[in-house]
Amino acid sequence: MSDDTRERSRPPASGPERVAVYPGSFDPLTNGHVDIIMRGARLFDRIVVAILVNPEKLPLFSIDERVEMAREVFRDEPRVEVEAFGGLLVDYARRRQAHVIVRGLRAVSDFEYEFQMALMNRRLVPGIETVFMMPAEAYTYTSSRIIREIFALGGSISGLVPGIVEARLRHKTGGRTEL
Ligand code: PNS
């Protein structure tokens, strides 16, 4: 049997579903996030995009809008689920029976904050592991904050966010680019 045939005839993996949670504010979802989610969907049986409900922040998009847009983007991806969450991330991960938290690392500047969160989450629940993934190079300088700023100042964000997000941004401003 060739290696190729053996690969194809391997029985499906049994055992519990491997669930990962990909948490964030996603205000808005960027193509950098989409890149990480699709990489996660290849590694895990299910990746739950968990959008934080943060009553302390005034977001550009409401939690319902952010959930709706992300669900639309991943509507044809059976391994990707989108949900809002509040409270501690590790509690949410436990409720979802996820043993992995996925976070994207774009540059060294992300590291300190991510390192702190990963170790604190590990201290809270040692059984949950944080896995860092790198987006495609094209997205290493993309962030939700910078997208909001560029759009507000009239710059082009085309190719940096999913089409539905770009359309919703325009809709928010009635066609003007300023927010
Ligand atoms: O996209 P962001 O804003 O960088 O995501 C940050 C997020 C949502 C992952 C983080 O703020 C979080 O996990 N919040 C939930 C509350 C919590 O568990 N805080 C302790 C983290 S150590």
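## A loop glycine, a buried arginine and a nonpolar patch

G159 sits in the loop that links helix 6 (144-152) to helix 7 (163-172). Keep in mind that this is a predicted model. How exposed is G159? Its relative accessibility is 46%, so G159 counts as partly exposed. Setting aside neighbours within four places in sequence, G159 touches N31 and Y139. N31 is 128 residues away from G159 along the chain, yet the two C-alpha atoms are 7.5 Å apart.

Next up is R66, which belongs to helix 3 (residues 63-73). Which side chain of opposite charge is nearest to R66? That's D27, at 4.2 Å. A salt bridge needs a side-chain nitrogen and a carboxyl oxygen within 4 Å, and R66 ends up buried with no salt bridge. D27 still shows up among the contacts of R66, along with S25, F26, I51, L52, P59 and F61, once neighbours within four places in sequence are left out.

Over to the surface: V108, F111, F115 and L119 make up a nonpolar patch there, and their accessible area together is about 410 Å². F111, one of these four, is part of helix 5 (residues 108-124). With 42% relative accessibility, F111 falls in the partly exposed class.

| Residue | Location | Relative accessibility |
|---|---|---|
| F111 | helix 5 (residues 108-124) | 42% |
| G159 | loop between helix 6 (144-152) and helix 7 (163-172) | 46% |

Technical notes. Residues numbered from 1 in each chain as written. Predicted model: local features only at pLDDT ≥ 70, side-chain atom pairs only at ≥ 80, totals over all residues. Heavy atoms only, no water. Helix = DSSP H or I, 4+ residues; strand = E, 2+ residues; numbered from the N terminus. Buried < 20%, exposed > 50% of the residue type's maximum accessible area, 1.4 Å probe, protein only. Lys, Arg positive; Asp, Glu negative; His and termini not counted. Contact = heavy atoms within 4.5 Å. Patch = residues over 30% accessible without salt bridge, like charges linked within 9 Å, V, L, I, M, F, W, Y side chains within 5 Å. Areas by Shrake-Rupley, 256 points an atom, 1.4 Å probe, with all protein chains shown as cover.
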